[in-house]
Amino acid sequence: MSRVNTKEIGVALLGFGTVGAGVVETLQKNGSLLAARLGVRPVLRGIADLDLTSDRGVSVEPGLLTTDGAALIARPDVQVVVELIGGSGVAKDFVLQALKLGKPVVTANKKLLAEHGAELHRVAEENKTEILFEASVGGGIPIIKALREGLCANRIECMYGILNGTCNYILTRMEDEKLPFDDVLKAAQAAGYAEAEPSLDIDGHDTAHKAVVLASLAYGCEVPLDKVNVAGIRGLAAADIAYAAEMGYRIKLLAIIRGGPDGVEVSVQPTLVEHTHQLAAVAGVYNAVLVVGDVVGTTLYYGRGAGRAATASAVVADLADAALNLRSGGRRRDPGTAHAQSPVLLRNPGDIVARNYLRFSMRDEPGSLARVATALGAHGIGIDSVMQQEAPRNAEYVPVIIVTGPAKDREIAAALAEISHIAGVTDRPTVRYRIEDFD
Ligand code: HSE
């Protein structure tokens with residue numbers, strides 16, 4: 001990046017939504033503090049959005065507002081571009097335009113990075129500039145900086161993340177108030193915690209985007225999003241949360257990223273976590289990421305994973321880095337990890353070994369449990385514990401929970417398929433969740 005000799009760094013803000021307004025507010029509130037710390041002041045040259053009339057709760061000079069993002073990016077007094085539009089449509093065009101002009105881009109856009117990260121990083125390299133994306137994962141938690149800088153002496157052995165505030169809020173309320181999923185989702189939507197169209201969050205895609213960003217950074221590779229195993233929390237039964245609690249577990253939507261000799265596991269699924277584990281204590285809209293490095297050991301990062309102020313904090317921190325780098329003529333501080341090799345070898349999901357929580361709807365007659373246990377045993381699956389609630393008299397089928405010993409995913413799947421074909425033993429598909437032992 002060529003050195004910029006100025007006391008001001010001109011900033012173009014693309015997208016004046018919740019986070020955009022938070023960035024403006026943060027610059028207004030702490031701009032002088034930043035300038036004193038950095039020796040250079042980030043100054044907004046313009047804000048581009050298609051909606052120039054909605055009240056965002058911050059006052060800006062009307063002359064700053066424009067609907068022409070491309071013209072704003074191209075202005076010679078703009079040195080850094082902040083992309084807060086979201087998605088991979090026009091946001092991608094604007095990011096590419098800025099990078100091709102050699103202007104660093106700050107973005108919170110995990111979807112764009114997860115889908116097109118390799119291409120964007122390549123264009124940034126070719127144009128001797130950079131993409132900064134602290135706000136894309138974990139909101140205000142400086143997890144990207146931790147990976148790029150604080151932990152750069154380490155090989156990352158594994159990471160576990162609670163990366164979606166909406167899902168964690170829903171799961172926490174379901175457990176605390178013993179409420180069904182649909183009721184909590186509606187309440188979360190009414191309170192503004194969940195989107196009117198919630199599938200990006202509750203079906204696990206937002207978490208998957210963030211997992212891909214973290215994995216590609218940790219392993220220096222492109223991670224193909226479409227190869228990541230993703231399951232969300234839609235329709236998760238309150239009964240399973242209650243049974244899990246009785247057995248000493250909480251259910252969390254967990255991103256799991258684990259390196260190994262036969263590839264990297266990147267997956268997202270509702271997972272049972274022992275209630276004494278640090279991640280089990282992460283409640284409500286909070287996020288947390290546990291990172292294990294081969295030198296440092298276990299580290300844990302916790303904070304607000306979403307929202308106007310927390311996300312703005314991360315965006316402005318990146319803006320500060322971009323400004324400093326422009327002043328010094330340097331670029332990113334990580335040792336070129338992102339997208340060094342591509343793509344990563346993802347582990348075959350069938351090979352992944354874990355314990356499992358299984359809830360059978362099992363015929364209440366002698367021999368049912370034995371037949372299920374035999375089928376599991378035939379696939380080399382041991383049983384760690386069994387729990388059967390007393391069912392109403394004359395109930396034909398009753399819930400029976402089996403916690404398996406460690407077993408390969410494909411063996412569990414095969415055993416459950418077999419059990420489903422044993423006539424009359426179960427009357428509906430078996431509910432299955434992974435148990436994470438963190439070892
Ligand atoms: N919707 C996300 C969440 C925040 O609920 O955590 C943006 O990724």
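Colleague: How are α4 and α9 oriented to each other in this model?
Modeller: The model is a predicted one. In it, the axes of α4 and α9 cross at roughly 55 degrees and come within 8 Å. Angles of 65 to 115 degrees count as roughly perpendicular and those under 35 degrees as roughly parallel, with the rest being oblique. The orientation of α4 and α9 is therefore oblique.

Colleague: Is the crossing of α4 and α9 left-handed or right-handed?
Modeller: Two packed helices are described by the angle between their axes and the distance between the axes. For α4 and α9 the angle is roughly 55 degrees. The hand of the α4 and α9 crossing is left-handed.

Colleague: At what angle do α1 and α11 pack?
Modeller: The axes of α1 and α11 are 8 Å apart. α1 passes α11 in a right-handed crossing. The packing angle of α1 and α11 is about 45 degrees. That angle makes the pair oblique.

Colleague: Which residues lie nearest the centre of the largest pocket?
Modeller: The space in the largest pocket is about 1100 Å³, and its lining is made up of 40 residues. Elements giving two or more residues to that lining include α1 (18–38), α4 (110–126), α9 (205–219) and α11 (308–328). Nearest the centre of the pocket are Val19, Lys110, Glu195, Ala306 and Gly307.

Colleague: How many residues in the lining of the largest pocket are polar?
Modeller: The lining divides into nonpolar, polar and charged residues. There are 12 nonpolar and 10 charged residues in it. The number of polar residues is 18.

Notes
Residues numbered from 1 in each chain as written. Predicted model: local features only at pLDDT ≥ 70, side-chain atom pairs only at ≥ 80, totals over all residues. Heavy atoms only, no water. 1 Å grid on protein atoms, 1.4 Å probe; cavity = no way out; pocket = protein on both sides within 12 Å on 5 of 7 lines; lining within 4 Å. Points joined across faces, edges and corners; volume = space filled by probe spheres on them. Helix = DSSP H or I, 4+ residues; strand = E, 2+ residues; numbered from the N terminus. Nonpolar A, V, L, I, M, F, W, Y, C, P; charged D, E, K, R; others polar. Axes fitted to C-alpha atoms, helices over the stretch in contact; angles between N-to-C directions. Parallel < 35°, antiparallel > 145°, perpendicular 65-115°, else oblique. Left-handed = near helix turned anticlockwise from the far one by under 90°.
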